[in-house]
Amino acid sequence: KDEDETIAVKVLGANKGGLLVEAEGFQGFLPVSQLAPKHYPRVEGADKTKILTMLQKLVGTEIEVKILTLDPAKEIVIFSEKATETKKLKEALNKYKVGDVVNGEITGIVDFGAFVKILPDDLEGLIHISELDWQLIDDPAEVVKTGEKVKAKIIEITNSGRISLSLKALKKDPWDNIADVYKKGQEVKGKVTKFNPFGAFVAISLKIQGLVHISEFGNQARMEETLKIGEKYNFQIAQIEPKEHRMTLKLMA
């Protein structure tokens with residue numbers, strides 16, 4: 001531990017928190033949070049049963065780790081696989097900067113976005129659900145699939161080495177020329193797609209959604225009585241703010 005050595009451990013078992021491992025006759029624990037990206041379980045909804053199933057696949061294998069915590073008095077040894085990749089990660093990150101367009105492969109899909117392996121360096125990035133497309137997305141699997149090859153733009157690199165990516169940054173912004181198509185006061189037909197505490201989202205085209213504010217109905221119960229998800233209604237455009245990607249609608253009588 002003092003010399004920051006990398007050692008090989010054998011995986012003896014797994015539980016929902018991580019892996020039971022052995023090194024030179026000593027048993028220790030490798031938490032899920034300390035696994036490297038190649039072994040980290042990408043499970044939609046963080047389902048603990050599915051996480052355990054994925055961890056059990058590592059039983060019998062060897063993993064290179066460093067000692068994170070060593071307490072002989074309490075007979076505790078905690079290992080980290082992630083720590084072995086810190087130097088390699090820093091070297092690889094030096095090749096990239098915000099604004100770069102990279103090639104990648106979708107390695108996992110979760111409810112908040114998609115994980116991407118950046119090629120050829122095998123760095124891991126995340127495309128947040130809000131960066132998958134210009135339209136509102138409920139399920140990232142609607143846009144990308146595991147194993148799919150993608151091009152993405154780097155929008156952030158944190159000091160800890162976390163890389164944030166965007167697919168929508170490489171797509172045409174449908175709000176750029178919206179003033180040529182829609183005007184304040186214009187009547188439009190739209191389909192109700194979603195309710196939230198602020199109001200109802202309405203799709204007036206494939207990529208453009210507006211909001212009917214909750215104040216139009218008085219309360220959420222009244223809104224849900226008046227509008228139905230998936231149904232089309234006539235609306236009037238009350239406000240358009242292209243820079244904010246915001247459109248306010250009013251339900252027509």
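The legends below go with close-up views of one predicted model. Residues are numbered from 1 along each chain as its sequence is written, and side-chain values use heavy atoms, with hydrogens and water left out. Because the model is predicted, local features need pLDDT of at least 70 and side-chain atom pairs count only at pLDDT 80 or more, while totals for chains, interfaces and linings use all residues.

**View 1. The largest pocket and its lining.** Rolling a probe the size of a water molecule over the atoms shows where empty space is left. Here a pocket is an open set of points on a 1 Å grid over the protein atoms alone, where a 1.4 Å probe fits, with protein on both sides within 12 Å along at least five of seven lines; lining residues have an atom within 4 Å of a point. A volume is the space filled by probe spheres set on the points, which are joined across faces, edges and corners. The largest pocket comes to about 1,200 Å³. Look for Ala-36, Pro-37, Lys-38, Arg-42 and Glu-124, which lie nearest its centre among 37 lining residues. Helix 1 (48-56), helix 2 (86-93), strand 6 (101-110), strand 7 (113-119) and strand 8 (123-128) each supply at least two residues of this lining. Helices (H or I, at least four residues) and strands (E, at least two) are DSSP runs, numbered from the N terminus. By class, the lining holds 16 nonpolar, nine polar and 12 charged residues; nonpolar covers Ala, Val, Leu, Ile, Met, Phe, Trp, Tyr, Cys and Pro, charged covers Asp, Glu, Lys and Arg, and the others, Gly among them, are polar.

**View 2. The two sides of helix 1.** Which residues of helix 1 are buried? They are Ile-51, Leu-52 and Leu-55 (buried means under 20% relative accessible area, exposed over 50%, with a 1.4 Å probe and protein chains only). Seen down the axis of helix 1, these residues fall within an arc of 100°, so they line one face of the helix; the arc is that of the directions from the helix axis to the C-beta atoms. Turned away from that buried side are the exposed residues Thr-49 and Lys-50.

View 3. Strand 9 (residues 149-157) and strand 10 (residues 163-166) are antiparallel partners over four bridges. Within this pair, Lys-153 has Ser-166 in strand 10 as its bridge partner.

**View 4. Another five-stranded barrel, with a hairpin.** Its strands close in the order 11-12-13-15-14, again with mixed pairing. Strand 11 (residues 187-196) and strand 14 (residues 232-241) run antiparallel over five bridges, and Glu-187 has Gln-236 in strand 14 as its bridge partner. Strand 14 also pairs with strand 15 in the antiparallel sense, over six bridges, and Gln-239 stands opposite Thr-248 in strand 15. Four residues lie between strands 14 and 15 in their hairpin, and His-245 in the turn has a positive phi of about 55°.

**View 5. The second largest pocket.** This pocket has a volume of about 530 Å³. Of its 22 lining residues, Trp-134, Leu-136, Phe-201, Gln-209 and His-245 are the closest to its centre. Strand 13 gives the most to the lining, with four residues.

Technical notes:
Two strands pair if DSSP finds at least two bridges between them.
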